[in-house]
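Let's take a walk through this fold together. Have a look at the picture, and then we'll go through it piece by piece.

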Amino acid sequence: MIQSALSQPLPARPLRIDAHHHLWNYSRTEYDWISEELQVLQQDFLPDDLESVLEVAHIDGSIVVQARQTLKETGWLLTLANSNAKIFGVVGWAPIADSSFPELL
């Protein structure tokens with residue numbers, strides 16, 4: 001998360017951040033928007049995969065973005081961010097139009 005990234009001394013150069021990255025444990029039923037034309041995406045993408053890509057591209061960290069509209073996935077992404085220094089933030093999903101939304105905050 002940004003807070004953990006900023007608790008360390010700032011680097012001599014500005015941080016390079018990937019502002020939109022997805023992580024998932026692939027399941028055809030849960031990610032049905034990934035069509036056969038997108039076969040390269042039909043696999044797990046997890047923090048280790050993210051770290052290796054960031055390293056090759058000389059990127060300091062990433063903001064992970066939800067790929068499904070579920071609180072479960074948002075919670076999972078937040079858990080990953082809390083244990084991974086390369087995840088600087090999470091763009092999650094919450095049912096903002098639902099009357100129960102204020103209780104979720």
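A nonpolar core is a set of buried Ala, Val, Leu, Ile, Met, Phe, Trp, Tyr and Cys residues joined through side-chain atoms within 4.5 Å. Buried, in turn, means under 20% relative accessible area, while exposed means over 50% and partly exposed is in between, using a 1.4 Å probe and protein chains only. Keep both terms handy for later.

A word on what you're looking at: this is a predicted model, in which local features need pLDDT of at least 70, side-chain atom pairs count only at pLDDT 80 or more, and totals for chains, interfaces and linings use all residues. Residues are numbered from 1 along each chain as its sequence is written, and side-chain values use heavy atoms, with hydrogens and water left out.

Now the overall layout. The chain has four helices and three strands; these are DSSP runs numbered from the N terminus, with helices being H or I over at least four residues and strands being E over at least two. Starting at the N terminus, the elements run α-β-α-β-α-β-α. Of the chain's 105 residues, 31% count as buried.

The three strands make an open sheet in the order 1-2-3, with parallel pairing; two strands pair if DSSP finds at least two bridges between them. Strand 1 (17-21) and strand 3 (87-91) are at the edges with a single partner strand each, so one side of each has no neighbour in the sheet. From one strand to the next, the twist averages 20°. Angles here run from 0 to 180 degrees between N-to-C directions, and axes are lines fitted to C-alpha atoms, for helices over the stretch in contact.

How many bridges join strand 2 (residues 61-65) to strand 3? There are four, and these two strands run parallel. Ser 62, for instance, has Ile 87 in strand 3 as its bridge partner. Helix 2 (residues 47-57) packs on the sheet, touching strand 1, strand 2 and strand 3, and its direction makes about 135° with that of strand 2. Helix 3 (residues 71-82) packs on the sheet too, touching strand 2 and strand 3, with its direction at about 165° to that of strand 3. Touching is a matter of contact, meaning heavy atoms within 4.5 Å.

Ile 17 stands opposite Gly 61 in strand 2. To get from strand 1 to strand 2, the chain crosses through helix 2, and this β-α-β crossover is right-handed. The chain then crosses from strand 2 through helix 3 to strand 3, in a β-α-β crossover that is right-handed as well. Right-handed means that, with the strands pointing away from the viewer, the path from the first strand over the helix to the second runs clockwise.

Is strand 2 mostly covered or uncovered? Mostly covered: five of its five residues are buried. In a regular strand the side chains alternate between the two faces of the sheet. Here Gly 61, Ile 63 and Val 65 are buried on one side, and Ser 62 and Val 64 are buried on the other. Over in strand 1 you'll find His 21, which is buried at a relative accessible area of 16%. Leaving aside neighbours within four places in sequence, His 21 is in contact with Leu 50, Ser 62, Ile 63, Val 64 and Val 65.

After helix 2 comes His 58, whose phi is positive, near 60°. His 58 counts as exposed, at 57% relative accessibility.

Finally, the cores. The largest nonpolar core has nine residues: Leu 23, Leu 50, Leu 54, Ile 59, Val 64, Leu 77, Leu 80, Ala 81 and Ile 87. Helix 2 and helix 3 are the elements that give two or more residues to this core, and helix 3 provides the largest share, three residues. A second, separate core of five residues includes Trp 24, Tyr 26, Ile 34 and Ala 67.
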